Amino acid sequence: MTEKLANPISEAVIANFHAFEQSLGADTVAIHHHTRKEALNHFLRLGVPTTKNEEWRYTNIAPSLKGKFDFAKTSKSSNLDPEFLTSTLFEGIEANIIVLVNGKYLPYSSTVLSPIHEVEILALDRAIEKRSAILDTYYTKVAPYNNNALNALNTAFAEQGAFIYVPEGKEVELPIFIHHIADGTSDSTICHPRNLIVLGKNAKVTIVETYSSLGENSVFTNALSEVVVSEGAHLEYVKMQAEKGNATQVNFTQINHAGNSTSNTTTITVGGKLVRNNLHIAVDGEFAEANLNGLYWLNADRLVDNHTLVDHIQPNSQSNELYKGIVSDKGTAVFNGKIFVKAEAQKTNAFQSNRNILLSPDGTVNTKPQLEIFADDVRCTHGCTTGAMDNEPMFYLRSRGLDENTARAMLLHAFAQEVVEKINHDSIKQFIARQIDSLLGFENE
Amino acid sequence: MSNSTALLEDITSSEYKYGFVTDIEADEAPKGLSEDIVRFISAKKNEPEWMLEWRLKAYRTWLKMSTPKWANLEVANIDYQAIKYYSAPKQKKTLNSLDEIDPELRATFEKLGISLDEQKRLTGVAVDAVIDSVSIATTFKGKLAELGIIFCSMSEAIQEHPELIKKYIGSVVPVSDNYFSALNSAVFSDGSFCYIPKGVRCPMELSTYFRINAAETGQFERTLIVAEEGSTVSYLEGCTAPMRDENQLHAAVVELVAHKDSYIKYSTVQNWYPGDKEGKGGIYNFVTKRGICLGNHSKISWTQVETGSAITWKYPSVILKGDYSVGEFYSVAVTNNYQQADTGTKMIHLGKNTKSRIVSKGISAGHSQNSYRGLVEVAKRADNARNFSQCDSLLMGNKCGAHTFPYIEVKNQTAQVEHEATTSKIGEDQIFYCNQRGMSTEDAVALIVNGYAKEVLNQLPMEFAVEAQKLLAISLEGSVG
């Protein structure tokens, strides 16, 4: 099965790789040619994961990758109206906005308001020239590509994305939006956006990634973000995925923590036909704290798969994880939350909770929490629940004269809001809450 | 701290007290596995043709399969050609009464604390004693037969009740279910068979005691329990083996069939030789246990206390097919030194209004690895299924590991599935409280661990609960990290 599905894809990848490299131009090729080549070989060796792979047991990615994509054309520029791209979505928000269409940076749609001494925001290919020292230290070093086929594919084809560098001790006042648009208006598209986010010591920043898609042709986004949170730094990180029902997304985020640093990551998935999020956090410093929150809403025959891994490497660190899901129609929700506690990581506190509401008889929830503990002086707990909506609150609201639909909308809103409330940034919180409410139809109920 | 290190050493050096070898003549098959060996075993047991065919089919299936690698275990390659697949103590052809058992064998079971003399038994427990490949004695047979209960060795059942065996063998655990079930189906040598007729409540505990004695042999037994409509049975299983430097393989299959309104309670105290403190030797325990609640309102309950074996690979499961059927799994798994355990359960909800409950307590000490792996599946038509799972792990020292792999797959919106797990060590404040009341740290640990495991131990029949508590104490006393 592996062979049959992997081969046509591999062939397409090989055929396009050379052309793609040519299109990059001489300089870029010289710098990263070796890495790309190596990554390509890893991808060919690993092959596209099948459901026989334990990590992909419930999610079959192969059909979304089959043959339709021209891997070489990832850099084709889109002829979209720049005004249209951002005006409606970010109305009334004062923020730095980076727009990436099919993984390509659109300078005329992007706005950078924060002063350069506070934060450096560049397209990744510009950063390769300007900030080669940082690139050399972190690029492909944070998220390895030798053990993950899709990371390898991203590394082989990655061209652009956002580079965000916050120097030591700086607090970035305005949030930074990275707005990804997968454009399938004229043709099927596969794109490989790649971000590198580096926070210096005691730096503080809020980053929001939004994903959306256009057009009727199928789009495949294989995004990868490498994030470094240095000593004492704080990262507020939100991902909002609201693509159309013909979009597939695989998203890999690796966050590396140093001592005393904190991160608060919120992943909200309300769109896309198939979305797979891999969030890996290495808590590699004493007194570091990682918070992971997630909300997924499923309808039609969509599938959302959240795989998280929190790796406690140093003692006295903490992690809190809350993922909640609402499944309706024929939706399928998948959750796998790994918590590793290494032998040296004594006094670790790790909490994980996964709660799912099944609204329809055809929905499916597959959840697999996973604790692997090698230290004894720790407190680790996980809990997960799956069930229909609780009857009692419903009864209470109905007894107060609310009709069934209103009552249900209120309860679901409350269920979802618990995750949204975890975002530590007021205007972002409101922005996200508005989005969710309009998508889920709570606002007028 | 030095005190606790001393205590830790104390426990690691504590002896496995069932490690003796009985010097009895044995009738053995040559080493290795082939169709001829399968035929040899079948011939030895004087089996009918259909049984031989079944075995050969299983053997051919096994040849096509490969060792499962998914478990969180490090298993050295097993050389299936270096194992003897049949070893039976030599004895007179047929026994007229229990008095005719070889005195050596009788002494062995006395040493293990299992009396084969019916009149000596104070409590009403009927025992089927299995040594290496064959059952040597079954007690209280006559008394049980009066009620229509069949309790005998598997070989006997194949001879005397072929219609029941034909109907049920392999019906719950198919031959091709996994690598070890296929191997077992090909070469199983004996085991217990138990049939409770309609409406009968078995008046005493039924028990099988398994003993590996001969060197370089594998033990492959098969247990089948069938409870007819409205019947109730409680079954116990115990096991020990001599101390040897090489690893020995134990691959058993247990099948339970519960018809309408029946109740099967299956308890295990597993104390195979765990290997020495360097991790040398010990039993590889690869067991497939599964029950099916066929009829409405039936119930299957598994209770296990796992303290032995170098490697344990075992997932007692329940298929909840009948409406309103209930599955339960209570487990305490203790690993010490270099032991590895990957154990848990599967609850497959198929019928409507089915309920299941999982309580798993893992305790790891030394350099051991202890994993819980479980599946709760609610099928599309299983309306109002209800599951509660709890798996707790206790760690002693930072050289051991505790792992949890719960899989939860829900396809029905009316299901209510809850899972919770915790991992921690024994609280210093709890120990302090006990110390301050004049208890030694060692006693305090024993008390706390006993309390921790109580929920499971309470499920065991009285005779076993005592043994299990002692085992826990021996395995863990003083191991305060």
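This is a predicted model: local features need pLDDT of at least 70, side-chain atom pairs count only at pLDDT 80 or more; totals for chains, interfaces and linings use all residues.
**Entry 1: chain A as a whole**

I began with chain A, to get my bearings. I found 10 helices and 20 strands in chain A. The chain has 445 residues, and 63% of them are buried. I also looked at contacts in chain A between residues at least 6 apart in sequence, and 84% of these join residues at least 24 apart.

**Entry 2: where the two chains meet**

Next I turned to the interface. How many residues of chain A are in contact with chain B? I noted 36 residues of chain A, in contact with 33 residues of chain B. The size of an interface is often given as the accessible area lost when the parts come together. Here the area buried between chain A and chain B is about 2,800 Å², and carbon and sulfur atoms give 46% of that area. Which residues of chain A lose the most area to chain B? They are Phe374(A), Asp376(A) and His382(A), which together make up 20% of what that side buries.

**Entry 3: contacts across the interface**

I then looked up the polar side of the same interface. Between chain A and chain B I have 16 residue pairs in polar contact, both residues at pLDDT 80 or more. On the chain A side, strand S19 (364-373) and strand S20 (379-387) each supply at least two of the residues that touch chain B. S19(A) gives the largest share, 10 residues. Sorted by kind, the residues on the chain A side are 15 nonpolar, 13 polar and 8 charged.

S19(A) has a strand partner in the other chain, too: 6 bridges join S19(A) to strand S23 (residues 401-410) of chain B, and the two run antiparallel.

**Entry 4: salt bridges between the chains**

Side chains of opposite charge can pair when their charged atoms come close. Across the interface of chain A and chain B I count 3 salt bridges. In one salt bridge, the side chains of Asp362(A) and Lys380(B) meet at 2.5 Å, N to O. I also wrote down a network of salt bridges that links Glu54(A), Arg57(A), Lys368(A) and Glu409(B).

**Entry 5: salt bridges within a chain**

Over all chains, the whole structure holds 36 salt bridges. I picked three to follow.

In chain A, Glu129(A) forms a salt bridge with Arg126(A), with the closest N and O atoms 3.7 Å apart. Both residues lie in helix H5 (residues 124-130) of chain A, 3 residues apart, about one turn of the helix. Glu129(A) is exposed because its relative accessibility, 60%, is over 50%. Arg126(A), at 41%, counts as partly exposed.

In chain B, the side chains of Arg222(B) and Glu255(B) meet in a salt bridge of 3.1 Å, N to O. Arg222(B) is in strand S8 (residues 222-227) and Glu255(B) in strand S11 (residues 253-258), so this pair ties together parts that are 33 residues apart in sequence. Are these two buried or exposed? Arg222(B) is buried at 0% relative accessibility, and Glu255(B) is buried with a relative accessible area of 0%.

Lys361(B) is buried at 6%, whereas Glu455(B) is partly exposed at 30%.

**Entry 6: two serines in chain B**

Where does Ser325(B) lie? I located Ser325(B) in the loop between strand S16 (317-320) and strand S17 (326-335) of chain B. Ser325(B) counts as buried because its relative accessibility is 0%. The side chain of Ser325(B) reaches the backbone oxygen of Gly322(B) at 2.7 Å. Beyond its neighbours within four places in sequence, the contacts of Ser325(B) include Cys293(B), His297(B) and Asn353(B).

Ser155(B) lies in helix H6 (residues 154-160) of chain B and is buried, at 15%. The side chain of Ser155(B) makes a polar contact with the side chain of Lys45(B) at 3.4 Å.

**Entry 7: two asparagines in chain A**

Last, I checked two backbone angles. Asn102(A) has a positive phi of about 50° although it is not a glycine. Asn102(A) sits in the loop between strand S1 (96-101) and strand S2 (104-105) of chain A, and is buried at 3%. Asn202(A), also not a glycine, has a positive phi of about 55°. The place of Asn202(A) is the loop between strand S7 (194-199) and strand S8 (204-214) of chain A, and Asn202(A) is partly exposed at 49%.

Definitions and conventions: Residues are numbered from 1 along each chain as its sequence is written. Chains are lettered from A and ligands numbered from 1 in the order in which they are written. Side-chain values use heavy atoms; hydrogens and water are left out. Contact means heavy atoms within 4.5 Å. Buried area is the accessible area (1.4 Å probe) that two parts lose on being put together, summed over both. A salt bridge is a side-chain nitrogen of Lys or Arg within 4 Å of a carboxyl oxygen of Asp or Glu. A polar contact is a pair of N or O atoms within 3.5 Å; within protein, one must be able to donate a hydrogen and the other to accept it, and residues adjacent in sequence count only if both atoms are side-chain atoms. Helices (H or I, at least four residues) and strands (E, at least two) are DSSP runs, numbered from the N terminus. Ala, Val, Leu, Ile, Met, Phe, Trp, Tyr, Cys and Pro count as nonpolar, Asp, Glu, Lys and Arg as charged, and the others, Gly among them, as polar. Two strands pair if DSSP finds at least two bridges between them. Buried means under 20% relative accessible area, exposed over 50%, partly exposed in between (1.4 Å probe, protein chains only).
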